[in-house]
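Reader: Could we go through this model together, a piece at a time? I'd like the cut-offs spelled out as we go.

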Amino acid sequence: MHGPICDLPVTFERASLLAGKVEIVREISLEFGSGATTVLLGPNGSGKSTLLRLAMGLAQPTSGRISWGGRAEPGPRLAMMFQRPVMLRRTAASNVAYALLRRDDARVAELLKEAGLSELANRPARRLSGGEQQRLALARALARDPEILFLDEPTASLDPAATKAVEDIVQDVAASGVKIVMATHDIGQARRLAGDIVFMARGRIVERADARTFFDAPATKEAAAFLRGDLVI
Amino acid sequence: MLDGASALQLIFSGDRALYAIVALSLYVSVAAVLLAALVALPLGALLALVRFPGRTFVIVVLNAFMGLPPVVMGLAIYLLLSRSGPLGFLGILFTPTAMIIAQALLVMPIIAALTRQTIEDLWAEYREELTALRVSPARRVATLIWDARFSLTTTLLAGFGRAAAEVGTVMIVGGNIEGFTRTMTTAIALETSKGDLPLAMGLGAILITLIIAVNALAWGARRVGEIRAG
């Protein structure tokens, strides 16, 4: 189903981003390859969303470099779902169709079914509930047939039922071979979904480990404090 | 009071000359707005999306032109289209075509400036999503215009209101020729100066009714569209 991999690995080499004199992310060296879901974990303002935007090619590092499959420009098979996705002023089905490279009604129906939105296909997207909009945004991102999908706090404002619905889809997508990189500050969600963890604080990567190791024996004081529920500022 | 009654009688009498004036007015205003929209909608969208040297200057000029005095525009078009003017060879001065062109140029800055603002606001909301979806620049423009369609309807109505109520430009380039280039506004001006108040009042009542009707129709269409599209 997928073409040859061309955007993996996404490689950060000492990438920093400054806004004025403020370092939003600092000296990030990191690689996202294929495999289990990577969760960017950390408190609000730690630079997780910015790192995702850099990885998506939506922002340029002010120093250092990022490459996609060894190339300096991102390819077409990256997709991203935002914390507050924008719904286009059209139906749910049309929102998904919009992201397809060519018209394919069967694919639209399939994606809506995967997102559990078949019944709402002809409903105006902006009139869907928050959870439904998040699932629709996920279906729209998947319409790009991505090999890597970035999720920025995809369930931040959802209730538990809506959160579970989104997480179920994310797990299905990950199982299908799509690389998921997700930012969250929700420790429980990270435990449920992560294969490996990148823990961030103050714009830096503090720790990177597979999920089991990270949660059982965090290597840094900041990560341990975060897992205890202490405020990491 | 008597003038008012006479005006009503004139409206309901089915006077052919009166309704010819109404029809021409509508034709000229609607055609002018459509012509202006063809240029102004993409122009406004491009100004909203594309950064280039002098962009701020263009925006300031465009905003300033929203208040362009119609008689000045009329004079400029007159000089262009007059027999000795650079476009005199077209031979369209004192025709409805000249009136449409003049009105289109008059409302174009209004539509373009309001479109730019609308699209710029929407682009601030859509920027990351459309960029992440790798949408091409041309498709971005089309998407933003489509998704702003309800707001842009109001923009077009503002243009129509300006065109329909305008008198100076069409008087100069149309010549107010009876049965050919006489519109409601020019007829009202003429009949008032002649003292034929019933006709002027009747035309005034029709003009206001038409503007209200067009706005009501557009508002209704907008509401239905918003309910359907969200």
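Reader: In what sense do strand 5 and strand 6 of chain A pair, and over how many bridges?

Author: Strand 5 of chain A and strand 6 of chain A pair in the parallel sense, over four bridges; strands are said to pair if DSSP finds at least two bridges between them. Helices (H or I, at least four residues) and strands (E, at least two) are DSSP runs, numbered from the N terminus. Before going on, this is a predicted model, in which local features need pLDDT of at least 70 and side-chain atom pairs count only at pLDDT 80 or more, while totals for chains, interfaces and linings use all residues. Residues are numbered from 1 along each chain as its sequence is written, and chains are lettered from A and ligands numbered from 1 in the order in which they are written.

Reader: Which residue is the bridge partner of A:Met81?

Author: That partner is A:Leu151, in strand 6 of chain A.

Reader: And which way do the residues of strand 5 of chain A point?

Author: A:Leu78 and A:Met80 point one way, A:Ala79 and A:Met81 point the other way, and all are buried, where buried stands for 20 or more other C-beta atoms within 10 Å of a residue's own, exposed for 12 or fewer, and partly exposed for anything in between, with C-beta atoms placed from the backbone. In a regular strand the side chains alternate between the two faces of the sheet.

Reader: At what angle do helix 2 and helix 3 of chain A pack?

Author: They pack at about 115°, with their axes 9 Å apart; axes are lines fitted to C-alpha atoms, for helices over the stretch in contact, and angles run from 0 to 180 degrees between N-to-C directions. In this contact A:Ala92, A:Ala93, A:Val96 and A:Ala97 of helix 2 of chain A meet A:Val108, A:Leu111 and A:Leu112 of helix 3 of chain A.

Reader: What sits around A:Glu114?

Author: A:Glu114, which is found in helix 3 of chain A, touches A:Ala139 and A:Ile169, not counting residues up to four places away in sequence. A:Glu114 counts as partly exposed because 17 C-beta neighbours lie inside 10 Å.

Reader: Changing topic, in what order do the three strands of the open sheet in chain A run?

Author: The order is 2-1-4, and the pairing is antiparallel. Strand 2 (22-32) and strand 4 (63-68) of chain A stand at the edges, each with a single partner strand, so one side of each is left without a neighbour in the sheet. The twist averages 20° from one strand to the next. Helix 1 (residues 48-56) of chain A packs on the sheet, touching strand 1, strand 2 and strand 4 of chain A, and its direction makes about 60° with that of strand 2 of chain A.

Reader: How many bridges join strand 1 to strand 4 of chain A?

Author: Five bridges join these antiparallel strands, and A:Val10 stands opposite A:Trp68 in strand 4 of chain A.

Reader: Last one: how many residues of chain B are in contact with chain A?

Author: Twelve residues of chain B are in contact with 16 residues of chain A. Helix 5 (96-132) and helix 10 (197-229) of chain B are the elements that give two or more residues to that side of chain B, and helix 5 of chain B gives the most, with six residues.

Notes
Two residues are in contact if their C-beta atoms, placed from the backbone, lie within 7 Å.
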